[in-house]
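Have the structure open as you read.

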Amino acid sequence: MAGARELMEVGEYMTAHEGMTRSRELLLAVVSGACLVLAFPPINFVPAAFIALVPLFHVIRGTRGGGFWNGFRPGFVAGIAFFLPLLYWLALLSSSQMDNPVVMSGPLFLLVLLQSFYWGLFSAVASYVGNRTRIPWFVVMPLLWVTFEQLRSLGVVGFTWGALGYAAVTVPR
């Protein structure tokens with residue numbers, strides 16, 4: 001435990017899991033988002049959907065204290081790692097008005113940030129609820145995940161592309 005205290009004194013952020021630095025936390029979040037991309041077209045490796053969120057859930061479970069941003073960050077980073085490669089093709093769409101990928105990349109990036117914001121909110125709320133209630137983590141995580149997937153689909157900016165359930169649906173060829 002002395003090693004964790006030393007890192008805290010130097011200013012390195014540590015989670016409850018001894019030895020998990022912020023860089024390792026963010027790496028696990030990126031791995032989680034990138035792994036989930038494998039479950040969607042064109043790769044369609046559906047088993048990845050069943051394990052992809054495990055690293056993210058591990059990081060969220062290890063987040064103790066530190067406020068909203070420490071809970072928000074892993075989900076937001078995982079969301080960017082997921083939505084950017086999943087939706088890259090939107091920048092390549094062409095029409096008579098918009099046929100420049102550079103111009104289309106701006107709206108794509110805004111969409112990725114918006115969708116990642118929901119993942120960040122999920123992460124922050126899951127960290128808060130999981131650490132401050134006696135509800136088991138295996139109940140908190142899936143319940144909140146489904147809730148935030150539903151919230152992501154509502155309203156004027158509702159966007160269901162990339163919902164976890166779509167990974168298990170086969171795409172006709």
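## A buried leucine

Leu 144 has a relative accessibility of 15%, and the cut-off for buried is under 20%, so Leu 144 counts as buried. This is a predicted model, by the way. You'll find Leu 144 in helix H7.

What does Leu 144 touch, leaving aside its neighbours within four places in sequence? The contacts are Phe 122, Val 125, Ala 126 and Val 129. Take Val 129 from that list: Val 129 and Leu 144 sit 15 residues apart in sequence, and their C-alpha atoms are 9.5 Å apart in space.

## The chain as a whole

Of the contacts with a separation of 6 or more, 63% are between residues 24 or more positions apart.

Helix H2 covers residues 22–37. The buried residues of H2 are Glu 25, Ala 29, Ser 32, Gly 33, Cys 35, Leu 36 and Val 37.

H2 pairs up with helix H5 (residues 68–87): their axes come within 7 Å and cross at roughly 35°. The crossing is right-handed. On the H2 side, the contact includes Arg 22, Glu 25, Leu 26, Ala 29 and Val 30, while H5 brings in residues including Asn 70, Arg 73, Pro 74, Val 77 and Phe 82. Sorted by class, the residues of this contact come out as twelve nonpolar, two polar and three charged.

## Back to H7, meeting H4

H7 (residues 137–152) also has a crossing with helix H4 (residues 54–62). The two axes come within 12 Å, at an angle of roughly 115°, and this crossing is right-handed.

Which residues meet here, in H4 and in H7? H4 supplies Phe 57, Ile 60 and Arg 61, and H7 supplies Trp 137, Met 141 and Trp 145. By class, that's five nonpolar residues, no polar ones and one charged.

Methods. Residues are numbered from 1 along each chain as its sequence is written. This is a predicted model: local features need pLDDT of at least 70, side-chain atom pairs count only at pLDDT 80 or more; totals for chains, interfaces and linings use all residues. Side-chain values use heavy atoms; hydrogens and water are left out. Axes are lines fitted to C-alpha atoms, for helices over the stretch in contact, and angles run from 0 to 180 degrees between N-to-C directions. Helices (H or I, at least four residues) and strands (E, at least two) are DSSP runs, numbered from the N terminus. A crossing is left-handed if the near helix is turned anticlockwise from the far one by less than a right angle, and right-handed if clockwise. Contact means heavy atoms within 4.5 Å. Ala, Val, Leu, Ile, Met, Phe, Trp, Tyr, Cys and Pro count as nonpolar, Asp, Glu, Lys and Arg as charged, and the others, Gly among them, as polar. The expected span of a helix is 1.5 Å times one less than its number of residues. Buried means under 20% relative accessible area, exposed over 50%, partly exposed in between (1.4 Å probe, protein chains only).
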